[in-house]
Each structure stands twice: as C-alpha cells, then as structure tokens.
Amino acid sequence: MKVLVGVKRVVDANIKVRVKSDGSGVETANVKMAMNPFCEIAVEQAVRMKEAGTVSEIVAVSIGGPQSQETLRTALAMGADRAILVETDQEVQPLAVAKAFKALCEKEKPGLVIMGKQAIDDDCNQSGQMLAALLGWPQAAFISKIEISGDSAQITREIDGGLEKLSAKLPLVATTDLRLNEPRYVTLPNIMKAKKKPLENVKAADLGVDVAPRLTTVKVAEPPKRSSGVKVADVAELVQKLKNEARVI
Ligand code: AMP
C-alpha cells in the first residue's frame, strides 16, 4: 500500500512568533522554520507502518515555495521514499491544499493519506477533512492509533469521554493527534541518504488546480499583555479577592 503524507513548512514550534509591524501577518523572514509537528507525527506513522510491512511506499508532499524542499528532505531523512513539491508562491489555504492533494491522489492512487490534525501556523484543522470530502473517501481525524487489516483500517480517537474506536474502508484520509507516536530524530547518515532520494517538483498549475486564496487576512495582532499576578497569604484572602476584585464567584 502506498501512503501520501502531507508535510508543511512552518515557523519552528520553539520560536516565539512576532507579528509584522504592518499587522499583515507573522514575521517569517530570518526566522527558523521547521516541519509542522503534527506532520512529523504523520511521517513517523507512515515509517512505522512501512517498518511493520503494511506500507510499501511513502510519498511526502508539500505545497509551498522552493524552501519547502528542505522540509521534504527532512521527511526523506525520517524514512519517506520520495517527495513531491507542489510549487507555488501564493499563500496556501486548506482548500488549495485539499485540491492539490486530490489531484495527486488521482495520479498516485494511495491507499492512505496521512496529514497533521492542524498546521501550527494557521491552526485551521481543515485540510484533511476537505480532502476526504473532495475525494468522497472516509476520514479519521485526530487519530491516536491506526491498524490496517486487509482493505480496512481500525482507528482509535481520543475524545472527551474516552476512546472512540472506528473502522473504515481504505482508501482513507487520516489526521494525526499528538499521542499517535513520538517522532524519531533524524540521524546524519539518514540526512546524507535523503539527499539522493527523488524529489519531484511540479507547479500547482500543472496539476490543473486553482490554489488562489479564498480568504483575506484582515489583521494580525499580538494578544494583550497579561498583567502580573499577586500572591495571596491564605484561602480566605483568595476567596475575598475572587469575590470582591475579580468578581468571578
Ligand atoms: P491545516 O488544515 O492548515 O491546519 O493543516 C492540517 C494538515 O494538512 C497539516 O498538518 C499538513 O499535514 C497538511 N497541510 C496543510 N498545509 C499544507 C501544505 N502547504 N503542504 C503540505 N501539507 C499541508
């Protein structure tokens, strides 16, 4: 079974983001970029499934500028077999991602697409769901476990009241939750090996997809500064302050 994995290049999760002075977005110039953490979990899952013998080929896909090649090389170093960059210089929104993946699914015919549950830059949590809808495939969002048997997948999802277990026919779109796995570190020998793995470059227009943004960002602003807290001597003082100052009880 072939697996397509979505990997997005985002501002590194350990970096404190800064809003651009004109409020048009978040500063990305000279900022450390990395693979979206939920996409790392998606790649790791595909690699573990290949190691277990349920997956025969892993294709990492990124939609974005030429710099996304770096992110794809990381996916290759983690264990993906080949990579496809759908190149565009436009801002890529979830509908565009879903359309590009749909075109690739029609060409590559994977049994499974694994994406992150959300990209930590736009926090949209939409691409996988939109892709499943466009393809008419089942979707399993926020998975914490997946097992393939025959032509179906057994999925576990963590929900408020406990664990939800689902069964779905392949082909399937799955999106990863935090506890699915812990992604491996890439080793130097694997980084070197990844340089030789195939990375195909296609233009979004060559896929026949319109990736033009449908949403306009009106304004991005820093959250209001939090004032410092106060220490209280005892529970009585805390209750008094909650009642009379914060007026929350
Ligand atoms: P989002 O819907 O934007 O929160 O993204 C959810 C997931 O969709 C990400 O974790 C990726 O797996 C995939 N995805 C989103 N944008 C891209 C992109 N530009 N290239 C590749 N995959 C993407």
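## Close-up views of a predicted model

**View 1. Strands β7 and β8 run side by side in opposite directions.** Strand β7 (residues 139-149) pairs with β8 in the antiparallel sense, over six bridges. Two strands count as paired if DSSP finds at least two bridges between them, and strands themselves are DSSP runs (E, at least two residues), numbered from the N terminus, as are helices (H or I, at least four residues). This is a predicted model, where local features need pLDDT of at least 70 and side-chain atom pairs count only at pLDDT 80 or more, while totals for chains, interfaces and linings use all residues. Residues are numbered from 1 along each chain as its sequence is written, and side-chain values use heavy atoms, with hydrogens and water left out.

View 2. Ser149 has Ser152 in β8 as its bridge partner.

**View 3. Strand β8 also pairs with β9.** Here β8 (residues 152-159) and β9 (residues 162-169) pair in the antiparallel sense over eight bridges. You can find Ser152 opposite Lys169 in β9, and Gln154 opposite Ser167. The hairpin joining β8 to β9 passes through two residues.

View 4. The side chain of Asn36 places an N or O atom 3.0 Å from a ligand oxygen. Backbone atoms take part too: a polar one of Ile63 is 2.8 Å from a ligand nitrogen, and an N or O atom of Gln126 is 2.9 Å from a ligand oxygen. Taken alone, the ligand exposes 480 Å², and the protein buries 99% of that (accessible areas by the Shrake-Rupley method with a 1.4 Å probe).

**View 5. A shell of residues surrounds the ligand.** In this shell are 19 residues, the closest being Ile63, Ala119, Asn125, Gln126 and Ser127; a residue belongs if one of its heavy atoms lies within 4 Å of the ligand. Strand β4 gives the most, with three residues. The shell divides into nine nonpolar, eight polar and two charged residues (Ala, Val, Leu, Ile, Met, Phe, Trp, Tyr, Cys and Pro count as nonpolar, Asp, Glu, Lys and Arg as charged, and the others, Gly among them, as polar).

Key. Polar contact = N/O pair within 3.5 Å; in protein donor to acceptor, adjacent residues only side chain to side chain.
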